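Colleague: I have a chain open on my screen and would like to talk it through. Can we start with the terms and then go over the fold?

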Amino acid sequence: FKKVYISAYQDELTNLWNRKYLYIRLKGEIKRLRHNTILSLAIVDIDDFKSVNDTFGHLFGDKVLKEIADILKNNLRKDDIIARWGGEEFIIVLPNTEVKSAKVVFNRIREKIEKYDFGCKITVSGGIAFVNEYIEPEKLIEMADKALYKAKKRKNRIAVYAK
Ligand code: C2E
Ligand code: C2E
């Protein structure tokens with residue numbers, strides 16, 4: 001029996017950071033932004049996750065969530081913040097990273113997931129937004145969410161927020 005310590009800031013299923021931690025860290029990172037630095041944020045959402053659960057069951061769905069969490073952990077830098085945002089949504093905060101690079105990062109992850117053998121076809125879509133001055137964390141997440149909404153229409157792709 002292996003006892004694993006899970007802090008109040010971790011998501012129990014995936015061991016990623018949880019919503020609460022993400023908020024605190026994101027707020028801190030946005031406050032620390034200085035001249036010429038950009039922070040990008042990506043929401044990653046599993047395409048058609050409901051039908052994965054309906055077809056293969058919730059245990060299988062949980063396994064997919066865990067595997068995706070591991071792919072994220074293994075393919076991002078230590079300074080990047082990775083959190084489980086909700087059911088099938090993850091948020092990645094990329095400090096000091098412009099949008100062009102954030103797209104490179106997301107596409108690398110998107111391709112890894114597309115090629116990974118989960119036992120069924122799994123793809124993700126993403127929405128990216130960025131800031132270079134203080135705004136509320138909620139606002140930045142809302143911007144990324146709007147971009148995600150666009151990406152979702154065609155799936156397995158990324159969209160960047162534009163006003
Ligand atoms: P690349 O893979 O095409 O990445 C281009 C730029 O995207 C990077 O420029 C960086 O600004 C951003 N980027 C890529 N992956 C990440 C990430 O996981 N987190 C964050 N926050 N940003 C990311 P940079 O740093 O000048 O790196 C230039 C190139 O050097 C990269 O091009 C890649 O070919 C190589 N490289 C740098 N670090 C690593 C690494 O840890 N592993 C591997 N395999 N290659 C690396
Ligand atoms: P790390 O910076 O924490 O990055 C962890 C993993 O995220 C990397 O594992 C790689 O899979 C992915 N990654 C991060 N940045 C990039 C990037 O710019 N492009 C690509 N294609 N992948 C990226 P990896 O490659 O096994 O590297 C392990 C560690 O070795 C990195 O941890 C970093 O500390 C160091 N490292 C590797 N390549 C470079 C490099 O070109 N420049 C620097 N400064 N460090 C590097």
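Modeller: One term to begin with: a residue is buried if 20 or more other C-beta atoms lie within 10 Å of its own, with C-beta atoms placed from the backbone. Keep in mind that this is a predicted model.

Colleague: OK, what share of the chain is buried, then?

Modeller: Of the 163 residues in the chain, 32% are buried.

Colleague: And how many helices and strands are there?

Modeller: The chain has five helices and five strands. Along the sequence they come in the pattern α-β-α-α-β-β-α-β-α-β. The radius of gyration is 16 Å, close to the 15 Å that the globule rule gives for 163 residues, so the chain is as compact as a globular protein of that length.

Colleague: What does the C-alpha trace span along its principal axes?

Modeller: About 50 × 40 × 25 Å.

Colleague: Now the sheet. In what order do the strands sit?

Modeller: The order is β2-β3-β1-β4-β5, in an open sheet with mixed pairing. β2 (81-86) and β5 (158-160) are at the edges with a single partner strand each, so one side of each has no neighbour in the sheet. From one strand to the next, the twist averages 20°.

Colleague: In which sense do β1 and β4 pair?

Modeller: Antiparallel, over eight bridges between residues 39-46 of β1 and residues 124-131 of β4. Ala-42 stands opposite Ile-128 in β4.

Colleague: Which strands does α4 touch?

Modeller: Helix α4, residues 99-115, packs on the sheet and touches β1, β3, β4 and β5. Its direction makes about 165° with that of β4.

Colleague: And where does α1 lie?

Modeller: Helix α1, residues 19-31, lies across β1, β2, β3 (89-94) and β4. It runs at about 130° to β2.

Colleague: Switching to the ligands. What surrounds ligand 1?

Modeller: Leu-76, Arg-77, Asp-80, Leu-94, Thr-97, Ser-101, Val-104 and Val-105. By class, that shell has four nonpolar, two polar and two charged residues.

Colleague: Which element gives the largest share of that shell?

Modeller: That is α4, with three residues.

Colleague: Which residues are around ligand 2?

Modeller: Asn-75, Leu-76, Arg-77, Lys-78 and Arg-108. This shell has one nonpolar, one polar and three charged residues. Leu-76 and Arg-77 are listed around ligand 1 and around ligand 2.

Colleague: Last one: what share of the contacts between residues at least 6 apart in sequence joins residues at least 24 apart?

Modeller: In this chain, 67% of them do.

Technical notes. Residues numbered from 1 in each chain as written. Chains lettered and ligands numbered in written order. Predicted model: local features only at pLDDT ≥ 70, side-chain atom pairs only at ≥ 80, totals over all residues. Near = placed C-beta within 6 Å. Nonpolar A, V, L, I, M, F, W, Y, C, P; charged D, E, K, R; others polar. Pairing = 2+ DSSP bridges. Helix = DSSP H or I, 4+ residues; strand = E, 2+ residues; numbered from the N terminus. Axes fitted to C-alpha atoms, helices over the stretch in contact; angles between N-to-C directions. Contact = placed C-beta atoms within 7 Å. Rg over C-alpha atoms; globule rule 2.2 N^0.38 Å. Buried ≥ 20, exposed ≤ 12 C-beta atoms within 10 Å, placed from the backbone.
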